[in-house]
Amino acid sequence: MPQVQTVRGPVDTADLGTTLMHEHIFVLTADVQQNYPEEWGSEEERISDAVRRLSELPGRGIRTIVDPTVIGLGRYIPRIQRIAEQVPDLNIVVATGCYTYDDVPFFFHYRGPALNAAVGAEVPDPMVDMFVKDIEEGITGTGVKAGLLKCAIDHQGMTSGVERVMRAVAKAHRRTGVPITVHTHPGSRQGLEAQRVLGDEGVDPGRVVLGHSGDTTDVEHLTELAEAGFVLGFDRFGINLDTTFEARADTLVEMCRRGYAGQIVLSQDANCYIDWLAPGVMDLLPQWHYTHIHDDVLPYVREHGVTDEQIDTMLVANPRRYFETVSPY
Ligand SMILES: [Zn+2]
């Protein structure tokens, strides 16, 4: 029976059930938090707040969330373990990888390929072994193994740092078989740039979620990416600052009408606390929370022609296939 790694250990992929494929618990700027912890406040209160919010999910039928919080987003697994222990009916899959829109973190700046010219040879990127260790041995001695790989490309495009991380993620993927999620910026069609580099590394697009694809209403562009074989993340429902609820939902309806439900996954990119936003900003986004899809999006898309079978495909079958296709190649 194929299994996926979660915070509490391996779970049969048949038991993943309804899966939200891109939700954070905490997004933190680690060294700012270490030095200015006042806004974060009480660790115990933050943990119980997360437990309270996540405990609502099993009541909506949600069995699994995928948390792609990696280096650059303040990943700290011991805290996530404490939360997972207190929400026993929810599986949490965690990730390895690196999140940047431009340069690599300074830790990596003068290592690996940065030394090629000085050494006169190809120096392997230490990121690859770090990611593989998180997948095969576990993260920071916790025993928790990463279930997926994550990288990012935004409107800045394929900078040298973004490319370096994406190639390291691709190599760790080929070695382990663990699937990939990429933060993309579909407004500037960065999925095509990801396609170029991942294709060059020999990555099967069917094992890759192009995250945040639902941020655009350009269904021709999304059709092109789906035709290339990628899984599209409609994974920011509720972030309606530059867009609207209807624009996001109508784009999903149209992609289902075009026959692509087999390549779409759903989520909200929500969190319990993100230190990128000043206190109060979350109040401007009242629909940005973990149950918005079940409370608001699913009723709307059903009314507009999306079938229960298509919804099950996007929430259950596609995540299962993504996590059970894990042979190295
Ligand atoms: Zn995210």
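**Zinc site and strand S8**

Author: Along the chain, the donors of the zinc ion are spaced H-x1-H-x244-D. Donors here are N, O and S atoms within 2.8 Å of the metal (3.2 Å for Na, K and Ca), and water is not among the atoms, so sites may look incomplete. This is a predicted model: local features need pLDDT of at least 70, side-chain atom pairs count only at pLDDT 80 or more, and totals for chains, interfaces and linings use all residues. Residues are numbered from 1 along each chain as its sequence is written, and side-chain values use heavy atoms, leaving out hydrogens and water.

Reader: OK, which residues are the protein donors of the zinc ion?

Author: His 22 (NE2), His 24 (NE2) and Asp 269 (OD), 2.1 to 2.3 Å from the zinc ion.

Reader: And is His 24 buried or exposed?

Author: Buried, with a relative accessible area of 5%. Buried means under 20% relative accessible area, exposed over 50%, partly exposed in between (1.4 Å probe, protein chains only). Asp 269 is buried too, at 7%.

Reader: New topic: which way do the residues of strand S8 point?

Author: Ile 180 and Val 182 point one way, Thr 181 and His 183 the other, and all are buried. In a regular strand, side chains alternate between the two faces of the sheet. Strands (E, at least two residues) and helices (H or I, at least four) are DSSP runs, numbered from the N terminus.

Reader: What's the bridge partner of Leu 149 in S8?

Author: Ile 180. S7 and S8 pair in the parallel sense over four bridges; pairing takes at least two DSSP bridges between two strands.
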